[in-house]
Structures are given as C-alpha cells and as structure tokens.
Amino acid sequence: MTSPDNSPALSQRRQQEELPAELSSLLLPWFERHRRELPWREDKNPYHVWVSEIMLQQTRIETVKGYYRRFLERLPEVGALSEVPEEELLKLWEGLGYYSRAKNLQKAARLIVEQGGFPQTFEGWKQLPGVGEYTAGAVASLCFGERVPAVDGNVLRIAARLTGSRKNVLLPDVKRQFTARLKEILPDEAGAFNEAMMELGETVCLPGVPLCGDCPLRRVCTAFREGCPQELPVREKQQTRRREEKTVLLLQAGQRFAIEKRPEKGLLSGLYGFPCLEGTLTPNEAAVYLDGQGAPVLSVAPAGHRKHLFTHVQWEMEGVHAVLAEEWGAFVWAQPEEIEALYPLPTAFRGFQRLLKGFTGP
Ligand code: SF4
C-alpha cells in the first residue's frame with residue numbers, strides 16, 4: 001500500500017511549497033538599492049521601532065508618519081509614555097483607530113520602566129502587552145540582531161505567491177508553517193531581511209496587482225511562473241461581524257453639544273463619544289425617550305445614517321439631532337471646536353461630529 005507520505009503528487013506539492021533558498025541573496029541587494037527613507041528607520045532605537053510597528057498595524061505608512069512625529073515630540077522616550085495621562089495619550093492616537101494599541105503601549109511602557117530597560121530578546125518582547133509574534137520578531141531582529149522572522153500579512157502574501165500555496169493564510173497552522181520555513185532560510189542579517197520583506201510587500205508584491213516586472217524574486221516565484229499572482233494568497237474569513245444598531249444623540253443646547261466618556265471596559269473604552277441608545281429610534285421615539293428622562297426638548301430631527309466596521313462588530317448608527325432649552329444631564333457640554341481640540345473622539349463618530357458646526361449656524 002502507498003502511504004500518503006510517499007504520494008508523488010503530495011511530495012511534488014510539498015517541494016513547491018518550500019521557500020527558495022536564494023531568497024535572501026536576491027532580496028538583500030535589492031533592498032540596499034530601494035530602501036525608502038522612513039522616520040522610524042533613522043536609527044535602531046527599540047522605542048522608535050516598537051512605537052512605529054504598533055502604529056503601522058492596520059494603518060498605512062503615509063498616515064502613520066504624522067502621528068509618529070507628533071507622538072515622539074510629546075513622548076520622546078519610554079518613561080514619558082509610561083507617565084502620560086491616558087486622555088492625552090488617546091488624543092495623540094485619535095484617528096489611528098484600534099485604541100487598545102495605545103493603551104497596551106502604555107501598559108508595556110510601565111513594565112519596561114519597572115524592569116529597568118527594554119527586553120533584549122524575542123521571548124522577552126512577546127511577554128509585553130500588545131506585542132505579538134510579528135512585533136516581537138521585528139524589534140528583536142532589527143534592534144538586537146536576533147535571528148527570528150517577523151511574519152505579517154505582507155510576508156504571508158509573498159510567501160504564498162513564491163511557493164504557489166493555496167492554503168488559507170488566515171489559519172494559524174498555515175502561518176506557523178510559513179514561519180518555520182522562513183526560520184530555516186533566514187540569513188544572519190535577519191533584521192535587514194525582515195525589513196526587506198516588508199518593503200517588498202508594501203511597494204512591489206502588492207495585495208491587488210503585484211508589480212512583478214520590478215520584483216527581484218521573479219525568477220524563483222511560482223505564482224509568477226504559473227501566471228496566477230493575483231489569485232494568491234487565499235484568505236478565507238471564518239467569522240462574520242456581529243451587527244449592533246444604535247441611535248446616536250446629537251444633543252444641542254445653545255452653541256454646545258453633549259459628549260460623554262465611554263465606559264472603562266468594552267469597545268472604545270475611555271474615549272469620548274456622543275450619547276448612544278441601543279437600537280434605532282426615530283426622532284419622535286427619541287424625543288419621547290428624552291422627555292421621559294426629563295430633558296427639556298425643543299425640537300428633534302433626523303441626522304442621517306452611519307456605519308462603522310470594527311474587527312468583530314459592525315455598528316449601524318441612526319443619528320438624531322435634538323435641540324434642548326438648556327444643558328441637561330451628566331454630560332460634558334462643549335462647542336464643536338472644543339470637542340475637536342480637547343476630547344479624543346473615535347473615528348466611528350466622525351461622520352456625526354462633522355455635522356455639529358452646521359447646527360450652530362454662521
Ligand atoms: S514575482 Fe510577483 S508575485 Fe512573485 S514575489 Fe515578486 S511581485 Fe510577488
């Protein structure tokens with residue numbers, strides 16, 4: 001009987017899925033020539049690399065540049081990050097989204113200060129809040145020269161295309177397999193190799209249509225050879241987002257609007273937002289509710305529909321603009337300019353925030 005291990009088809013596919021041994025010898029000289037100047041590449045300071053890597057998760061490089069500069073101007077070293085009031089930290093992060101990243105940065109900064117310095121190894125970095133395998137690999141290899149890979153979506157895409165693998169790269173097992181293969185072929189200059197892979201993924205082996213004509217790996221790339229780079233990688237989402245309906249109340253008294261600090265736990269915790277009610281209410285239903293709570297409502301009007309996608313949840317929001325006779329309730333009342341300048345308001349509310357100036361008239 002033929003065991004599955006001896007199947008010719010399987011061994012051929014396994015061979016195909018090996019990453020080419022020439023990967024680093026082709027990639028590193030290319031990186032030398034095409035390396036972009038980025039603010040966080042000016043030195044190998046672990047604080048700089050760590051902050052930039054956290055900001056770059058889920059966010060485009062061009063967006064991160066301004067945030068990174070302002071963040072380091074205000075918090076130039078880890079001690080300053082460990083001590084900054086949370087509200088100020090979240091204000092610095094406002095618009096970048098995924099605010100737990102900022103909170104975890106601060107938790108980790110406090111641990112680093114307590115421990116008397118930055119961890120020096122991949123394992124040490126992985127113990128810090130908010131630091132996953134990718135970030136730990138990036139900082140340990142770039143700043144401390146450890147021979148570890150840093151595998152993110154860019155690297156998985158390149159690896160899937162190079163090998164022609166049609167396995168679902170969103171599965172942890174598939175990521176583990178690619179990580180193990182990368183470890184085998186990692187050169188001594190692991191930091192430069194990891195950076196070069198990121199660079200290739202961001203500038204040449206793009207998610208949609210890759211620029212294979214400019215790619216130093218063309219000669220060893222299975223997807224290029226088979227003419228199918230755009231079909232790879234296979235990314236099959238296993239989960240769907242939970243849908244939540246909300247009514248967002250834009251309560252106005254004179255030139256001011258009501259905002260409130262969100263609860264300490266849960267989505268967008270610790271940030272500010274407009275008062276919300278569960279479920280979608282019409283303006284009249286919202287008026288009845290507000291009356292019942294004792295709010296001095298003068299008029300109500302619809303303020304449009306907005307949708308916001310989080311990783312696991314989708315908010316469907318119906319806006320209601322309610323003009324009150326006077327400030328009411330335990331809210332913070334502020335003018336649109338003050339809200340913009342002083343309070344960290346997440347992107348989910350931005351569409352409604354933009355309406356406020358129009359409500360206060362010329
Ligand atoms: S040849 Fe094309 S598909 Fe292959 S790694 Fe280069 S850019 Fe990506």
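**A helix pair and its surroundings**

Mentor: Helix H2, residues 23-34, and helix H12, residues 190-203, have axes that come within 9 Å and cross at roughly 75 degrees. Axes here are lines fitted to C-alpha atoms, for helices over the stretch in contact, with angles from 0 to 180 degrees between N-to-C directions. H2 and H12 are therefore roughly perpendicular to each other (angles under 35 degrees count as roughly parallel, over 145 as roughly antiparallel, 65 to 115 as roughly perpendicular, and the rest as oblique). From H2, the contact uses Ser-24, Leu-27, Leu-28, Phe-31 and His-34, and from H12 it uses Ala-192, Phe-193, Glu-195, Ala-196, Glu-199 and Leu-200. Two residues are in contact if their C-beta atoms, placed from the backbone, lie within 7 Å. By class, the residues of this contact are seven nonpolar, two polar and two charged. Nonpolar means Ala, Val, Leu, Ile, Met, Phe, Trp, Tyr, Cys and Pro, charged means Asp, Glu, Lys and Arg, and the others, Gly among them, are polar.

The model is predicted, so local features need pLDDT of at least 70 and side-chain atom pairs count only at pLDDT 80 or more, while totals for chains, interfaces and linings use all residues. Residues are numbered from 1 along each chain as its sequence is written. Helices (H or I, at least four residues) and strands (E, at least two) are DSSP runs, numbered from the N terminus.

Next comes the ligand. Of the 14 residues around the ligand, Cys-205, Cys-212, Cys-215, Cys-221 and Pro-229 come nearest; a residue is near a molecule or strand if its C-beta atom, placed from the backbone, lies within 6 Å of it. Helix H10 (153-163) and helix H13 (222-226) each give at least two residues to this shell, and H10 has the largest share, three residues. The shell has twelve nonpolar, no polar and two charged residues.

The chain is divided into domain 1 (4-231) and domain 2 (242-360), with bounds from an automatic or database domain assignment. Their C-alpha centres lie 38 Å apart. Eight residues of domain 1 touch seven of domain 2, and the domain 1 side has two nonpolar, two polar and four charged residues.

Last, the strands. S1 (residues 242-253) and S6 (residues 313-324) run parallel and are joined by eleven bridges; two strands pair if DSSP finds at least two bridges between them. Leu-250 has His-321 as its bridge partner in S6. S5 (residues 297-309) pairs with S6 in the antiparallel sense over ten bridges, with Ser-299 bridged to Val-323. S5 and S6 form a hairpin with three residues between them.
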